[in-house]
Amino acid sequence: DLTKNQFAPRVSLQWFPNVDTQIYTSYARGFQSPTYNAVNFFSEPDPVKQVVVDAYELGVKSKALDGALTFDGAVFYTEQQDVTVATVSLTSGGVVRFDNAAGSKIKGAEVTFVLTPLPDANPGLAVTGGASYLDTEYTNFSNGRGFDEDTGLSFGETSLLPARDFTGNEMPRTPKFTYTFGVNQNVPVDSGWFEVAVDAYYNSGFYFSAQNSELFSNPYYHVFNARASYSHEPWGLQLTLFVQNFTDEEYYSSMFLDDFGSGITLNQPRSYGARLKWAF
């Protein structure tokens with residue numbers, strides 16, 4: 001048995017300088033219980049360490065322009081001890097093996113807003129958006145596992161080649177920059193309302209593994225969506241027509257790495273559809 005005791009507090013402070021603004025800060029500790037690499041065909045089961053996370057955040061929630069603008073923003077810093085990293089290779093029996101990177105950190109900021117630019121002349125018009133920035137790094141990861149880019153052979157402890165130092169590498173699936181932006185127009189009509197909306201999403205790209213190989217990465221991409229809805233309130237019916245990814249952007253929704261290469265799944269291509277909702 002693995003037994004661990006962990007004190008995991010959370011402390012937050014809030015300050016309201018006026019009725020439309022809240023400033024807050026918080027600290028929290030989280031943890032993930034330890035476990036074993038139990039399914040391991042070439043070595044005895046070995047323990048996977050407990051993960052400990054310390055998260056700090058400072059943010060603001062506010063309203064302005066007589067309530068026409070809602071704005072939220074935050075900066076945050078997260079430290080992780082013994083963060084879990086997963087790999088799959090023949091030397092582990094072709095099953096998932098978990099290792100611990102001794103340390104990592106995440107620094108970032110995010111903002112979101114909702115704006116009704118014409119609250120009197122056109123109250124049904126809304127503009128929404130948000131953006132985030134992430135700076136991630138393995139601060140101590142000397143026992144990195146992965147696959148050699150030239151030979152495809154696995155490296156790491158108990159593998160064919162020695163482990164490599166991933167200290168300084170970015171954490172997987174952490175894009176530097178993302179944003180969303182949308183415009184929504186709602187128009188009252190007889191017995192209901194009509195609505196049209198468009199939105200955009202941008203992702204600056206990221207790595208799929210701690211190895212940070214360009215062979216196992218996602219390039220930057222944009223996704224654009226649109227929809228139109230009509231609601232007939234006396235019947236409780238709402239019909240929505242939509243198109244997702246209408247520019248037919250291609251990117252990787254997932255990538256699975258093993259000794260035979262990378263198993264890649266592309267994103268959903270341009271798609272059209274309709275939804276019917278009945279409330280009764």
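This is a predicted model: local features need pLDDT of at least 70, side-chain atom pairs count only at pLDDT 80 or more; totals for chains, interfaces and linings use all residues.
The secondary structure of the chain consists of 19 strands and 0 helices. The radius of gyration is 24 Å, well over the 19 Å that the globule rule gives for 280 residues, so the chain is more spread out than a compact globule. The C-alpha trace spans about 70 × 45 × 35 Å along its principal axes. Buried residues make up 36% of the 280 residues in the chain. Among contacts with a separation of 6 or more, 57% are accounted for by residues 24 or more positions apart. The accessible surface of the chain amounts to about 16,500 Å², and carbon and sulfur atoms contribute 58% of this area.

Aromatic side chains were examined next. A pair of aromatic rings is described by the distance of the centres and the angle of the planes. In the chain, the count comes to 14 aromatic pairs. One of these is formed by Phe 155 and Phe 166, with an edge-to-face arrangement, a centre-to-centre distance of 6.1 Å and an angle of 80 degrees between the planes. The pair links distant parts of the chain, 11 residues apart: Phe 155 belongs to strand S10 (residues 154-155), whereas Phe 166 is placed in the loop between S10 and strand S11 (177-189). Phe 155 has a relative accessibility of 1% and therefore counts as buried. Phe 166 is likewise buried, its relative accessible area being 3%.

A further pair, Phe 177 with Tyr 202, is tilted, with ring centres 6.2 Å apart and planes at 50 degrees. Because Phe 177 lies in strand S11 and Tyr 202 in strand S12 (residues 192-203), this pair ties together parts that are 25 residues apart in sequence. The two partners fall into separate accessibility classes: Phe 177 counts as partly exposed at 34% relative accessibility, while Tyr 202 counts as buried at 16%. Ring pairs also link Tyr 138, Phe 141, Phe 155 and Phe 166 into a cluster. Phe 155 and Phe 166, the edge-to-face partners described above, are thus members of this cluster.

Backbone geometry was considered at two loop positions. Most residues other than glycine have a negative phi. Arg 173, although not a glycine, has a positive phi of about 55 degrees. This residue is located in the loop between S10 and S11, and its relative accessibility of 45% classes Arg 173 as partly exposed. Ser 191, which is also not a glycine, shows a positive phi of about 65 degrees. Ser 191 is placed in the loop between S11 and S12 and is partly exposed, with a relative accessible area of 40%.

Three further residues illustrate how separation along the sequence relates to separation in space. Ala 8 is situated in the segment before strand S1 (10-18) and is partly exposed, with a relative accessible area of 37%. Ala 8 and Arg 29 are 21 residues apart in sequence, yet their C-alpha atoms are 4.9 Å apart. When neighbours within four places in sequence are left aside, the contacts of Ala 8 are with Arg 29 and Phe 31.

Asn 40 is found in the loop between strand S3 (35-37) and strand S4 (46-48). Its relative accessibility is 12%, so Asn 40 counts as buried. Residues up to four places away in sequence not being counted, Asn 40 touches Asp 46, Thr 91, Ser 92 and Arg 97. Between Asn 40 and Gly 236 the sequence separation is 196 residues, and the C-alpha to C-alpha distance is 56 Å.

Val 243 forms part of strand S16 (residues 237-244). This valine is buried, with a relative accessible area of 15%. Apart from neighbours within four places in sequence, Val 243 is in contact with Asn 225, Ala 226, Arg 270, Ser 271 and Tyr 272. Thr 167 is 76 residues from Val 243 in sequence, and the two residues are 43 Å apart in space, C-alpha to C-alpha.

Conventions: Residues are numbered from 1 along each chain as its sequence is written. Side-chain values use heavy atoms; hydrogens and water are left out. Helices (H or I, at least four residues) and strands (E, at least two) are DSSP runs, numbered from the N terminus. The radius of gyration is taken over C-alpha atoms; the globule rule is 2.2 Å times the number of residues to the power 0.38. Buried means under 20% relative accessible area, exposed over 50%, partly exposed in between (1.4 Å probe, protein chains only). Contact means heavy atoms within 4.5 Å. Accessible areas come from the Shrake-Rupley method with a 1.4 Å probe; for residues, only the protein chains shown count as cover. Rings of Phe, Tyr and Trp (its six-membered ring) pair if their centres lie within 6.5 Å; planes under 30 degrees apart count as stacked, over 60 as edge-to-face and the rest as tilted.
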